[in-house]
Amino acid sequence: MLAIAIMSTAITPARASDHLDTPAVIADPRADIGDLFAWISPDGNELDLVMTIVGHSFSDKLSYVFHIDSGARFGRTAASTVLVCRFASASAADCRLGSGDRARGDASKSAGLVSGRGHFRVFAGLRDDPFFNNVRGTRDVYNVAIAALASGARYDASGCPGFSAAQSADILRHWKRTDGGPATNFLRGWTPDSIVVSIKLAAVTRGGPMLAVWGATVGPKGQIDRAARPLTGNALLATLGAADESNRLKERYNAATPATSASFVPAVAQGIALYDGFDGRCGDSLLIDRKAPPAQRYWPLARLLADDRLWLNSRSAVCTQLFAVERAALNGEKALASDCGGRTINYDAVNVYRSLLADGSTTKIDDGVHADDKAHSTTIFPFLAAPDAVSVGK
């Protein structure tokens, strides 16, 4: 079982993406968002969304929510649209887009279920998880970092560890290995329940063409989990901290919203600072403010990550990599100005994410896994590959 495999690792932050990350969602994996994906369809007409749920069934006590904010430009949104799905049973989905459109019925067939007004189509059922990640290699990296710190590596004033060239090389080498051998995808064959939606852009761009997307699960007592980009909650909050400390922080983070996320900026900044040292150099992480006081040098990126929304430029149907919209707007990378950004199901998101933290590039950190074991499509609904019959229920 995934939960057993994850909890047996030495360092809790080595978990896969957002899978089984706190006691609340371990208690009910049907409330745990594994990953969120969002991209503009190749024909430029639709926003395509995927939310994977770690549990192998949906709960009739929960709402599964896609938040879609829209604005004229990056960083400022003027309108919000929500798509909320509830499930009375596996074959009884009820999804509402705002207050104007609704799809009810069996959404488990591959063709999906078209809403009454035709603004969206939804599929809900078991699919192969498109997320790929060398989790065991990351676990080993954290253990190597802990050993280096114990043997004398010191943090600078901004919280970045000063690993030697040899220690950094050892860290980067371990990231490309799994248990000492070739890198493998920890989530190979994993088949979570998945909600897949295609929404006509006109229904979600009321505030403007720039979109910011995030997902949440909500129960009778409030929000349980939230997710957008991969890794933020699991990789950057109390990264090398004790399990109890990490769990408390992540529980609060998961219950927050982008609008209430500012209190997590210092903690996220500490996680960024750790990653900045992995390449053996401090001070070259994305968006680092070298003129700020040491404790605040990582805050520009930390603010972006704590907010945790996937930004998409809906004017573009060309989607090539994670953080494209953010880097075009905040880092002056004009070549990405015509990229939709977001996160497709085929992005090598983990390596790009970690590399941007380490040295501001997209290639420095390589976990040896660059594609999923299954072929997924960004054009053919419901996008995610069907699970192998023998893997269902893994």
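Here is a quick tour of the disulfides in this predicted model.

The structure has three disulfides. Counting bonded cysteines along the chain, they pair up as 1-2, 3-4, 5-6. The geometry of each link goes like this:

| Disulfide | S to S distance | Angle about the S-S bond | Hand |
|---|---|---|---|
| C85 and C95 | 2.1 Å | 115° | right-handed |
| C160 and C282 | 2.0 Å | -85° | left-handed |
| C319 and C340 | 2.0 Å | 115° | right-handed |

Let's start with the pair C85 and C95, joined as a disulfide. C85 sits in strand β4 (residues 79-89) and C95 in strand β5 (residues 92-97), so this bond ties together parts that are 10 residues apart in sequence. Both C85 and C95 are buried.

Next up is the bond between C160 and C282. You'll find C160 in the loop between α3 (135-150) and α4 (165-175), while C282 is in the loop between α7 (265-277) and α8 (299-307), so the pair ties together parts that are 122 residues apart in sequence.

As for solvent, C319 and C340 are both buried.

Key:
Residues numbered from 1 in each chain as written. Predicted model: local features only at pLDDT ≥ 70, side-chain atom pairs only at ≥ 80, totals over all residues. Heavy atoms only, no water. Disulfide = S-S within 2.5 Å. Helix = DSSP H or I, 4+ residues; strand = E, 2+ residues; numbered from the N terminus. Buried < 20%, exposed > 50% of the residue type's maximum accessible area, 1.4 Å probe, protein only.
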